[in-house]
Protein chains: 6
Amino acid sequence: MSNFSLREPVNLASTGIASFAKTAICTNLDDLIADIAVIGAPCDISIQGRSGARLGPRGIRLQSTRFSYSPEGSYDPERDDFYLSTKQWRVVDCGDADLVPGDLEASFANIEAAVRTIVSRGAMPVVLGGDHSITIPVARGLDIAGPFHVIHFDSHLDWSYTRGGQRYSNGSPCRCMAAMAHVDKMAHLGIHGIGSSQKSDFADALAYGDLILSPKQIRKIGIAETLARLPRGERYFVSIDIDVMDCSIAAGTGSPMHGGLYYDEMVELLEGVARLGTIVGFDLVEVAPQYDDLSGTTCYLAARLISDFLGFITKERELS
Amino acid sequence: MSNFSLREPVNLASTGIASFAKTAICTNLDDLIADIAVIGAPCDISIQGRSGARLGPRGIRLQSTRFSYSPEGSYDPERDDFYLSTKQWRVVDCGDADLVPGDLEASFANIEAAVRTIVSRGAMPVVLGGDHSITIPVARGLDIAGPFHVIHFDSHLDWSYTRGGQRYSNGSPCRCMAAMAHVDKMAHLGIHGIGSSQKSDFADALAYGDLILSPKQIRKIGIAETLARLPRGERYFVSIDIDVMDCSIAAGTGSPMHGGLYYDEMVELLEGVARLGTIVGFDLVEVAPQYDDLSGTTCYLAARLISDFLGFITKERELS
Amino acid sequence: MSNFSLREPVNLASTGIASFAKTAICTNLDDLIADIAVIGAPCDISIQGRSGARLGPRGIRLQSTRFSYSPEGSYDPERDDFYLSTKQWRVVDCGDADLVPGDLEASFANIEAAVRTIVSRGAMPVVLGGDHSITIPVARGLDIAGPFHVIHFDSHLDWSYTRGGQRYSNGSPCRCMAAMAHVDKMAHLGIHGIGSSQKSDFADALAYGDLILSPKQIRKIGIAETLARLPRGERYFVSIDIDVMDCSIAAGTGSPMHGGLYYDEMVELLEGVARLGTIVGFDLVEVAPQYDDLSGTTCYLAARLISDFLGFITKERELS
Amino acid sequence: MSNFSLREPVNLASTGIASFAKTAICTNLDDLIADIAVIGAPCDISIQGRSGARLGPRGIRLQSTRFSYSPEGSYDPERDDFYLSTKQWRVVDCGDADLVPGDLEASFANIEAAVRTIVSRGAMPVVLGGDHSITIPVARGLDIAGPFHVIHFDSHLDWSYTRGGQRYSNGSPCRCMAAMAHVDKMAHLGIHGIGSSQKSDFADALAYGDLILSPKQIRKIGIAETLARLPRGERYFVSIDIDVMDCSIAAGTGSPMHGGLYYDEMVELLEGVARLGTIVGFDLVEVAPQYDDLSGTTCYLAARLISDFLGFITKERELS
Amino acid sequence: MSNFSLREPVNLASTGIASFAKTAICTNLDDLIADIAVIGAPCDISIQGRSGARLGPRGIRLQSTRFSYSPEGSYDPERDDFYLSTKQWRVVDCGDADLVPGDLEASFANIEAAVRTIVSRGAMPVVLGGDHSITIPVARGLDIAGPFHVIHFDSHLDWSYTRGGQRYSNGSPCRCMAAMAHVDKMAHLGIHGIGSSQKSDFADALAYGDLILSPKQIRKIGIAETLARLPRGERYFVSIDIDVMDCSIAAGTGSPMHGGLYYDEMVELLEGVARLGTIVGFDLVEVAPQYDDLSGTTCYLAARLISDFLGFITKERELS
Amino acid sequence: MSNFSLREPVNLASTGIASFAKTAICTNLDDLIADIAVIGAPCDISIQGRSGARLGPRGIRLQSTRFSYSPEGSYDPERDDFYLSTKQWRVVDCGDADLVPGDLEASFANIEAAVRTIVSRGAMPVVLGGDHSITIPVARGLDIAGPFHVIHFDSHLDWSYTRGGQRYSNGSPCRCMAAMAHVDKMAHLGIHGIGSSQKSDFADALAYGDLILSPKQIRKIGIAETLARLPRGERYFVSIDIDVMDCSIAAGTGSPMHGGLYYDEMVELLEGVARLGTIVGFDLVEVAPQYDDLSGTTCYLAARLISDFLGFITKERELS
């Protein structure tokens, strides 16, 4: 969407309505015509840490307005290449899936249906959380795009069985996905922190065949080797918990962590993941603007990682 | 609780562990021996506005450490009187009722049982929210102390029937209480704001016999007349949504409101309510420190209203 | 705009894309079909105080999502009346007029053209500033809707002749409007503060025939008398500088002021102004979210004053 | 101090070095030639509440740059009068009295000597705190300007005898002044809050002959009557603790209070006090920018009250 | 301490009273039965930089509630090991040592006595500052646990002789410790910054036999070599000034520094130090929550470093 | 400037008037006698990102008070050397060049004249921005010190031709300098980010002969090699956009960037640049305190880089 102007509009970052990257808005999914469909899942009712992630989609959209996509594409001086030309790729913002207060089942149902509808319309869903429990309905809604492997970026393993009886908290999405028929293998990148999960969770994940690497382990073996160890296949779903990033740049989340990944590392990992196969969709969760700094560092990081990843994904499709 | 000191400790506000007003802690309710039992209900999963109220109990406790109760009592120069002498009144902090992520029923059950246990131990429960839905289990747990009238301070009527199927949101506590056998009449003080509730909600409340007054209406008739219109009876439960207070002093909440009550007005109303009869318990809800200012103005307001109200309640008991 | 939902969506305040009051978006003004057209003028390059007001439209839109308009209208319990039914009134968000960095003339031209186009399409423009200099092109663009009187709410008189040669700063809009052929009389409500304008500015304004009242003077004579003194006529343009409001609720602006108006006073004044005649348009300027509190008190105040005023304006049209 | 400019400089509020009201700086007191000398006392080591007031002088200076004094004087439209013409009055910023970490005695000695030197140079000292304990050396340094009455604006009585052995804390300045030979009577305006002082402190103050009025008592009898009850005499020292102001506009302090004075009330009181007799000096203490809002509301309030009071004091001298 | 619950409580991080890691509270040191005793020393009256560290203990406790210790211990997936099992180790929070406003001597005496009492009860003291001057009484109180070497993590050398006569400021603890009979050698890790100390201070420290290494020097020689150069002995006292950490993760302190240590580096250093010998106690000082971000990054860093170090210390004891 | 004191003043960081590094103030440039003249250019009207940089000079000055220069010089323990002895170097703060609201030409003229006057007085100008457009008048004013090469630190190339007709925005300074007769070659260090400039801008810069290196490219070839590739010559102008620094330590700017330089890297680069030849002046731009954290991390970084660079520049002069 462009500003009103007598001349070619400048569309400065601070101006205009805050859809994702100022792309066109389509809240009626039945009318969706797009290659990439961004949708918010502002549900934070099953979070274990500090609540607030329901404002994540808004926060990410606000900072994403520093980007805008053009016919010639966005130029990257380091790679000497262009990305996300609007002549080739149609990115659309679909607004949010409805949140029902205190009703996890109804809220999940909306998210699941939204994702499935987007896929059925031929677009790749990009879901803005919300806490990490929203990955459960996202993965469910992707059933028609599967089977697929899962690449999971997080500080936490998220293989909890239950918290006080709750099996669908933000600590459980990976255990839940493991139980889905259309989910194949999982790789967990960035896991670290004493006491963040129980040993039995790790044991179950390993028994399921998961790959688990901490930031220090990734640095030790290198990014190329890390990518080489990821499961091979045709299709991948990627789930990014923003708390995988070091809290020096990702304080705006419910459970920020010291010792996480840095921006350049994450970009290199995402670029590699984009080359593994078809990305059927991805989510980025746990952004809570209430805990972000006044400059919006975490929200901008989230927006930038999404846009970077979209660039890498579409570049692969262009090349293949 | 007092600091370690070689002399009589000064116990400055900024020091010591942050229990409510630095009172003794008793997290095992079966051991509770107290006149007044403060307990947190850090549940915000059924909130309609901005989430965050699960940190309310912590935020209130932190600011409450500016108070401390002593054997001689706290002196009020304007009333030339002493309040809350520890020789007469034992106030205890019971910690929090457990929150189960995403599970409203289980979280409510913990709150209800905690309140009922406190009452059964002979203490008056003072519940720190959490969003306003926690008033539902609080009122349930007070059944053994009823029947009672309800004095409800709020900007919003909270008589919603359902939000997307959810009947136990923070917009529904008054409709829920109206359906409880041990709840008698209700008075709603401070209600205002275009569009905050539907006309049908007002109609149902009036049909139930509720008194509804806005801040402007209270100012017009005066506080004495306001108090005179409250239902008469033996017992009262009081529920205070912090957003009844003007947002110039209560920004730290999910849905702050312009045009609310000011501190002196609220204190005068609480002093009058304390004189109506036996207060069987009260809650103060919707404090969300994430939206408070850096000075903790809202959290301190909440702590101070609670302590003021406790002073008035115990003064009445001393006099009767 | 509504969220995706399998049932009737709840559309909670924290969800959905942040257009004004979640209304439909129409950034192509040539296609505009609306009764009321909200448009941003995010220009802050001619501000004398702290810069930042270019983020005003975004900040107001974000908080305005606490409102949404419905077919039955928004119910006001105090007036027992409904406002802004979508069956009767079509409110549309037109996005922003383009800002050209450092080029006041080009930025003004965009604002002026946008306003004139909106008027020519039969809609009433509601302009979100930006600093107060944007009132100059707004008033210019309203020429086809004139002649009209100006009701100006502000702490500052804004009749400066020049600041270092600059005749179009945020201190000059009233002097500039006084020189426009289609502008009739002006009333300045809320002016106060030692040293905020020069005596010669006051003298020129009085010579032009302006009414000038401070908050204390308004309180002394009462709101009814204040309204009675306003110029009589058929058409009015209203310009609201948010710093007319007391800084206890309006800190989020470049030059906040102690001793300003309170919310209830302002609402009563706006309700009276709406009854004076046809409001040809209005702006609300100088909101700078960078200086607002974490709760968005000033941005929400701005959104609420706009929505309240729209309610009063449309109510008058319904009644006449 | 003026900005570098090829033309008459505009000297916008946000520009230039932050001395008080951008006045000339004279840090060598032996060279001081001024009518009014502003000096900081950034000492907060004897504070009972939250520390931070050592940054008070900086915070006040920063916001004070919204003022600047000119040859014609600052025009007040409500009083239709001019204030603080630089042709008549020379205001100078003397920087700060040195703070020795953890050494109350040495820090006090510096403040006391600075004040005494300023008085001996024929200027009226205006001291920016620091916590309220700095009033002790300020009052000592004013001995050569006495005897005088004290007008004390505060939420707290500040007549504590000792806190853990400390007799010179920010709770004790009034008891300390009462013991000084050159201090006559004291009036305490704005005192309120349950538990803020012991009854014995009030008893001692009353026995000394002090006048004590709360905000509510002031409102009840009116400002004229309040002023009428103040002690009569030739000379007055005024001490303003910013926490006398309601925390809706004065959150930036160690112990902010609900139920305090509002800006218009305080201005009227200060205007009346300025007419009582010769003001030998005044201080404004307890501003702690760490707890202020992002807009600097408290710091600006402090700067404005100081400048308003200076206007009233000099106006009286002009008239007499 | 555990929340009230009808089932096994979940005890989410945001819930419950904020003692250190939610451990049991014992404010009467004469009753202390513990292996590890956490105690606050909220004294910031001798700080040279920005004040505020008196709120350090509260800030650290608040963030430490993200941890809790269990019978099975906390699992570390990278080391595949368990830490701090409550079956083996009893950690207790002893509240704070009393602060006397403006009285360094009395405040120091309380800290010294508290530490000595804890040691005499057989527990290892972990002291939460407060500014770095509190290390003086901490080291004094540890006399009965000495002689010991000192491992000092800091950006600043802290060997100042005097500041304006003050010999016990936060710039002097190392010079003071050097003069204590029970203090053996000192190693200073992380020292850097132009102008942070005088050359004579460095000369005196080197003359005393101290090891001094900057972050860049540590990185150059590696952590293994750094550890190898530390003094050998039986007992060690460790003092951690949070400003040794890079200000990207430790902004919440009086004098934050660019170019400091990162989390992973510090953890590795602490793990190595734990293996040197018996740690007789440690402190972590200079956390000032007023300057921390809204997410509590610095406070959480402090809590995590303490908990990590406790894990390493107890692991060594388990193994030996 | 020194505090008033009875003894040798301590001049703590938090005290005294905030000139740059507490140096003497000389706002009348015709009287300037100095080696180094710091001057503010608080102009942000041509910024494309978030406005606010007009408060940059104030923000930098405030944090710079943590430094102060002494006769013996500032000691660096790592280099075992002294810097910026006041016996050898006179640093003076000249206040700000006047900003005319909305008038880019007039504001630029003031900056240009100020810089030229400083140079003509024999001092090296150090200019505090303001947005990056101020480099245009700075470079113009340096004409009498040229010809010189330009070393440009930035995330962005700043070779834009026009934004909506504006050729003098903060995206254009390098293209503007390229057109100046006295500007020789340019090197751009730190450039990165997809979409931050158009390919045609890079092409024009390369055609002009510019060196362009990203942070990753600098790390790959090393700092020594980076320095070796810089243009050789006698004189250099250095322009530092604070957004070249990673946003983990430089969030306080209009367009903060992930993936930027870290402090130690930048210091090493600046030390190398200082050795290239005569630095005729430098600016540091785009600091916007509104977006900085509560601790002032970005402002302090700016102050420290300036002071470090001044140390390296003067050290080179001492040695040559």
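Visitor: Let's start with a charge over a ring: which residue lies over the face of B:Y83?

Guide: Bear in mind that this is a predicted model. The ring centre of B:Y83 is 5.0 Å from the residue in question. A charge has to be within 6 Å of the ring centre to qualify. The residue over that face is B:K315.

Visitor: And over in chain A, which ring has the charged end of A:R66 sitting over it?

Guide: Here the charged end of A:R66 is 3.9 Å from the centre of the ring. The ring belongs to A:Y300.

Visitor: Moving on to ring pairs, how many aromatic pairs turn up over all chains?

Guide: The search covers the whole structure. Rings count as a pair if their centres lie within 6.5 Å. The total over all chains is 42.

Visitor: Take E:Y75 and E:F82: what sort of aromatic pair do they form?

Guide: Their centres are 5.1 Å apart, with 50 degrees between the planes. Planes under 30 degrees apart would be stacked and those over 60 edge-to-face, with the rest called tilted. So E:Y75 and E:F82 come out as tilted.

Visitor: Which strands hold the rings of E:F148 and E:F237?

Guide: The two ring centres are 5.9 Å apart with planes at 55 degrees, so this pair is tilted. It links distant parts of the chain, the two residues being 89 residues apart. E:F148 is buried at 1% relative accessible area, and E:F237 is buried too, at 0%. Their strands in chain E are β7 (residues 148-153) for E:F148 and β10 (residues 235-241) for E:F237.

Visitor: Now the open sheet of chain E: which strands stand at its edges?

Guide: The order is β1-β5-β2-β6-β11-β10-β7-β8-β9, nine strands with parallel pairing. An edge strand has a single partner, so one of its sides is left without a neighbour in the sheet. In chain E the edge strands are β1 (24-25) and β9 (211-213).

Visitor: Within that sheet, what is the bridge partner of E:V38?

Guide: Strands β2 (residues 36-41) and β5 (residues 91-96) of chain E pair in the parallel sense over four bridges. The partner of E:V38 sits in β5(E). It is E:D93.

Visitor: At about what angle to β6(E) does helix α1 of chain E run?

Guide: Helix α2 (residues 104-120) of chain E lies across β2 and β6, running at about 155 degrees to β6(E). Helix α1 (residues 56-64) lies across β2, β5, β6 and β11 of chain E. Its angle to β6(E) is about 110 degrees.

Visitor: Last one: which residue of chain B comes closest to the rotation axis?

Guide: A rotation of 180 degrees with 0.0 Å of shift superposes chain B on chain E, at RMSD 0.0 Å. The two copies are thus related as by a two-fold rotation axis. Also, 100% of chain B's interface residues are interface residues in chain E, so the copies meet through the same surface. Coming closest to the axis, at 3.3 Å (C-alpha), is B:A18.

Key
Residues numbered from 1 in each chain as written. Chains lettered and ligands numbered in written order. Predicted model: local features only at pLDDT ≥ 70, side-chain atom pairs only at ≥ 80, totals over all residues. Heavy atoms only, no water. Least-squares fit on C-alpha atoms with pLDDT ≥ 70 in both. Contact = heavy atoms within 4.5 Å. Phe/Tyr/Trp six-rings, centres within 6.5 Å; stacked < 30°, edge-to-face > 60°. Buried < 20%, exposed > 50% of the residue type's maximum accessible area, 1.4 Å probe, protein only. Lys NZ or Arg CZ within 6 Å of the ring centre and 35° of its normal. Pairing = 2+ DSSP bridges. Axes fitted to C-alpha atoms, helices over the stretch in contact; angles between N-to-C directions.
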